[in-house]
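Hi there,

Here is the structure I promised to pass on to you. Have a look at it first, and then read my notes below.

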Amino acid sequence: MGWTVDPEGFGVVFQRTIPDFVRDHVGPAVAEILARMQLTTDDIDRFLCHPGGAKVIAALERALALDQGTLDHERDVIAACGNMSAPTLRRAEARGVNLASVILALVTLQRFGELVLSRRNTERLLTRGAIEVGAAHYPLIVLLHA
């Protein structure tokens, strides 16, 4: 995902690989973060996710081992309004989902993605001969930014 900037404003650019990335990486990242808090996905009453499209929603359900259709609020938003961003939060709030919880869930999901990408980039750089300095500081950085 990225942005283009032109005289008319910002334009979002999506890669078709987003559902694959979600399917392959979100589940392990969520499990790892929950394990650090001595929790599992069974301790989560409801996941609330940004509906990045029908394929992303399906990938999220697979990644989080949810029954198909569990992310019904997300599908309702797509059906009613199409793929959207911030207004998704208001629709969830209108359904009785606390806005603070929605924001926390979105930020947490973003952090999961950052951790996965960071780990992948570190591994790539190390295989190319890079030298990692201050690796012991990384957990502190993650904690401060979480």
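In the chain, 48% of the contacts with a separation of 6 or more are between residues 24 or more positions apart. Please keep in mind that this is a predicted model. The chain has 146 residues, and 25% of them count as buried. Its accessible surface is about 10,200 Å², with 59% of that belonging to carbon and sulfur atoms.

As for secondary structure, you will find six helices and two strands. Read from the N terminus, the order is β-β-α-α-α-α-α-α.

The largest nonpolar core has 17 residues, and the ones that touch the most other members are Val22, Val26, Val30, Phe47, Leu60 and Leu71. At least two residues each come from α1 (18-36), α2 (54-63) and α5 (99-127). Among the contributors, α1 gives the most, with six residues.

Beyond its neighbours within four places in sequence, Val22 is in contact with Gly27, Val56, Ala59, Leu60 and Ala63.

How do α1 and α2 sit relative to each other? Their axes are 8 Å apart and the helices pack at an angle of about 20°. An angle under 35 degrees counts as roughly parallel, and therefore α1 and α2 are roughly parallel to each other. The crossing of α1 past α2 is right-handed. On the α1 side, the contact is made by Ile18, Pro19, Val22, Arg23, Val26 and Gly27, while α2 brings Lys55, Val56, Ala59, Leu60, Arg62 and Ala63.

The next pair is α2 and α3. Here the axes come within 10 Å and cross at roughly 175°. That makes α2 roughly antiparallel to α3, because angles over 145 count that way. In this pair, Ile57, Ala58 and Glu61 of α2 meet Glu74, Arg75 and Ile78 of α3.

Which residues of α2 are buried? They are Val56, Ile57, Ala59, Leu60, Glu61 and Ala63, and these buried residues pack against α1 and α3 (72-81).

Two backbone details may interest you when you check torsions. Gln38 is a residue other than glycine, yet its phi is positive, near 55°. Gln38 is found in the loop between α1 and α2, and it is exposed, with a relative accessible area of 75%. Ala65 is not a glycine either, and its phi is also positive, at about 55°. Ala65 follows α2 and lies in the loop between α2 and α3. With a relative accessible area of 69%, Ala65 is exposed.

Leu104 and Leu48 are 56 residues apart in sequence, and their C-alpha atoms are 9.7 Å apart in space.

That is what I have for now. Happy browsing, and do write back with any questions.

Best wishes

Definitions and conventions: Residues numbered from 1 in each chain as written. Predicted model: local features only at pLDDT ≥ 70, side-chain atom pairs only at ≥ 80, totals over all residues. Heavy atoms only, no water. Helix = DSSP H or I, 4+ residues; strand = E, 2+ residues; numbered from the N terminus. Buried < 20%, exposed > 50% of the residue type's maximum accessible area, 1.4 Å probe, protein only. Contact = heavy atoms within 4.5 Å. Areas by Shrake-Rupley, 256 points an atom, 1.4 Å probe, with all protein chains shown as cover. Core = buried A, V, L, I, M, F, W, Y, C linked by side-chain atoms within 4.5 Å. Axes fitted to C-alpha atoms, helices over the stretch in contact; angles between N-to-C directions. Parallel < 35°, antiparallel > 145°, perpendicular 65-115°, else oblique. Left-handed = near helix turned anticlockwise from the far one by under 90°.
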